[in-house]
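This briefing is meant to be read beside the sequence and the three-dimensional view.

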Amino acid sequence: MSVLIKNGRIVTATDDYVADIFIEGETISAIGKNLSVKADKEIDAAGKLVMPGGIDPHVHLDMPFMGTFSSDSYETGTRAALYGGTTTVIDFILQTQGKSLQSALDEWNGRANGTAVGDYSFHMAVTDFNDETKKEIKTFIEQHGITSFKTFMAYKGALMIDDRQMIGLMEEVKANGGLINVHATNGDMIDYLVQKHRSEGKLSPLYHYLSQPEITEAEASERFVDMASYTGCPGYIVHLTCEGALNAVRNATRRNQKMFVETCIQYLIIDASLYEQEDGAKWVMSPPLREKKDQATLWAGINQGIVNVVATDHCPFMWEQKLMGKDDFSKIPNGHPAIENRMELLFSEGVAKGKITLNKYVEVASTNAAKIFGMFPRKGTIAVGSDADIVIFDPKEKHTLSAKTHHMNVDYSGYEGWELTGKVKTVLLRGQVAIDNNDCKVPKGYGQFIKRNKVSQII
């Protein structure tokens, strides 16, 4: 199968030009002006942006949490991602305390193999680092191509590890060419505040936010940055939300330290005032939404090159599941649906409103994630030899987001009624037209697991 995309405005993290793209099989074969080649399928992209497929390195599909599961499976979640222009996702395997990393990988493979529609990879969340777990790190990096390991500084008694385990894991991961992802919030302080608010009868979703003040994230981020500095291990802070946490990273640059930072689309565009609404549970996530001043900081961080990636932390729950906490905020499953909306929201709120350039958009939505997580140049760019993961995007088309029209398996939208400028029109995944005219053309099981390369602190 060959495809010729003609006359599109090709935008990568570094380039912006009009040309044709010739695709043979799964990869890009040639790029040039007025290519004189014959293809099985021809697409006229005149007037459209042609960009690399998006990479969302922070999703939770079919994830067990608080006695239930996130509502998007690998099939529905990766299909919804494709509709929104994201061709590759990285999900989190969660180790069960007392069990091996391999047993967790087997469990997640059982969910993803043969069901994913889009491409995917895994991070390994280490919740029980010990002598046996330590022996598995090298195997995961060198044999499985899983090169990133997540730690939680919160969720005590379930996912959280202490600083002693963190240092030991960092040393082992560094020695084998991997990277540590971290959920950086102070779990002990949060637990104290949750119990304090509950004991005072303060049970609405607003107190989810008030139980995780900015200092809980700023303190943990600074502690993680310091431990990474001491060990020399590459570090990546997931879903960073606030000025205090970003300043911990800014301060580290003064000692020549590099720390990768991810934020999520919701932290750039919505704020904590939503928790005072009757349906505030829709936005209960951890860390919580923050303030307007934090949004300004995050946009500045993107343009300063300190915030490297915009992801989603997509972890959807049906409204009925959210109502598990209708009488107690601490029982609301944490999570937010956004896997389908990220690329269009970031374009509309970022590029169309003049906050970021087109090149920066591609960088934070795709290219940096590919580089940080060992997939570049196979993914994250438009170049000869790269996978033909391509989004054809109309920068002028206006449309409205709604749960009635989205493809995520969740019965509400965090962005109901938002009017956006810019629409995904056609998506190719490894040379196949995956989305066209709002129709999915590839079947369940088309998605492949992507083995990743070792990483460094340089992108």
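The model is a predicted one. The strand spans residues 148-152 and is mostly covered, with five of its five residues buried.

- A right-handed β-α-β unit is made by β11, helix α4 (residues 163-175) and β12.

**Helix α1**

- Helix α1 (residues 74-83) is largely enclosed by the rest of the structure, because eight of its ten residues are buried.
- The buried residues of α1 are Tyr74, Thr76, Gly77, Thr78, Ala80, Ala81, Leu82 and Tyr83, and what covers them includes β9 (86-94), α2 (101-112), β10 (119-125), β17 (419-429), β18 (432-436) and β19 (439-440).
- At the N-terminal end, Ser73 caps α1 through a side-chain oxygen that lies 3.3 Å from the backbone nitrogen of Glu75, and after the helix comes Gly85, whose phi is positive, near 90 degrees.

- In soluble globular proteins, nonpolar side chains tend to be buried together.
- Here the largest nonpolar core has 132 residues, and Leu346 and Tyr361 are those with the most contacts inside it; helix α13 (residues 358-372) gives the most to this core, contributing eight residues.
- Not counting residues up to four places away in sequence, Tyr361 touches Met51, Met343, Glu344, Leu346, Phe347, Val351, Ile356 and Phe393.
- Another core, of 16 residues, lies apart from the largest one, and among its members are Val3, Ile43, Ala45 and Leu428.

- His314 lies in the loop between β15 (309-311) and α11 (319-322), and it is buried, with a relative accessible area of 0%.
- With its neighbours within four places in sequence left aside, His314 is in contact with residues including His58, His60, Asp72, His336 and Met408.
- Leu289, in the loop between α9 (265-269) and α10 (292-304), is likewise buried, with a relative accessible area of 0%.
- Tyr275 lies 14 residues from Leu289 along the chain, and the C-alpha atoms of the two are separated by 8.6 Å; Tyr275 is also one of the residues in contact with Leu289.
- Ser348 is part of helix α12 (residues 342-351) and counts as buried at 4% relative accessibility.
- The side chain of Ser348 reaches the backbone nitrogen of Thr421 at 3.0 Å, and, not counting residues up to four places away in sequence, Ser348 touches Lys353, Glu419, Leu420 and Thr421.

**Cysteines**

- A search of the whole structure finds zero disulfides; for Cys315, the nearest cysteine sulfur is that of Cys264, 11 Å away.
- Cys315 counts as buried, because its relative accessibility is 2% and the cut-off for buried is under 20%.

**Backbone features to check in the view**

- Most residues other than glycine have a negative phi, and most peptide bonds are trans.
- The peptide bond from Ser286 to Pro287 is cis, with omega near -5 degrees, and Pro287 lies in the loop between α9 and α10.
- Phe376 and Pro377 are also joined by a cis peptide bond, with omega about 5 degrees, and Pro377 has its place in the loop between α13 and β16 (390-400).
- Asn256 has a positive phi, near 70 degrees; this residue is in the loop between α8 (243-253) and β14 (260-264) and is exposed, with a relative accessible area of 73%.
- Arg430 has a positive phi too, near 50 degrees; it lies in the loop between β17 and β18, but Arg430 is buried, with a relative accessible area of 2%.

Key:
Residues are numbered from 1 along each chain as its sequence is written. This is a predicted model: local features need pLDDT of at least 70, side-chain atom pairs count only at pLDDT 80 or more; totals for chains, interfaces and linings use all residues. Side-chain values use heavy atoms; hydrogens and water are left out. Buried means under 20% relative accessible area, exposed over 50%, partly exposed in between (1.4 Å probe, protein chains only). Helices (H or I, at least four residues) and strands (E, at least two) are DSSP runs, numbered from the N terminus. Contact means heavy atoms within 4.5 Å. A polar contact is a pair of N or O atoms within 3.5 Å; within protein, one must be able to donate a hydrogen and the other to accept it, and residues adjacent in sequence count only if both atoms are side-chain atoms. A disulfide is a pair of cysteine sulfur atoms within 2.5 Å. A crossover is right-handed if, with the strands pointing away from the viewer, the path from the first strand over the helix to the second runs clockwise. A nonpolar core is a set of buried Ala, Val, Leu, Ile, Met, Phe, Trp, Tyr and Cys residues joined through side-chain atoms within 4.5 Å.
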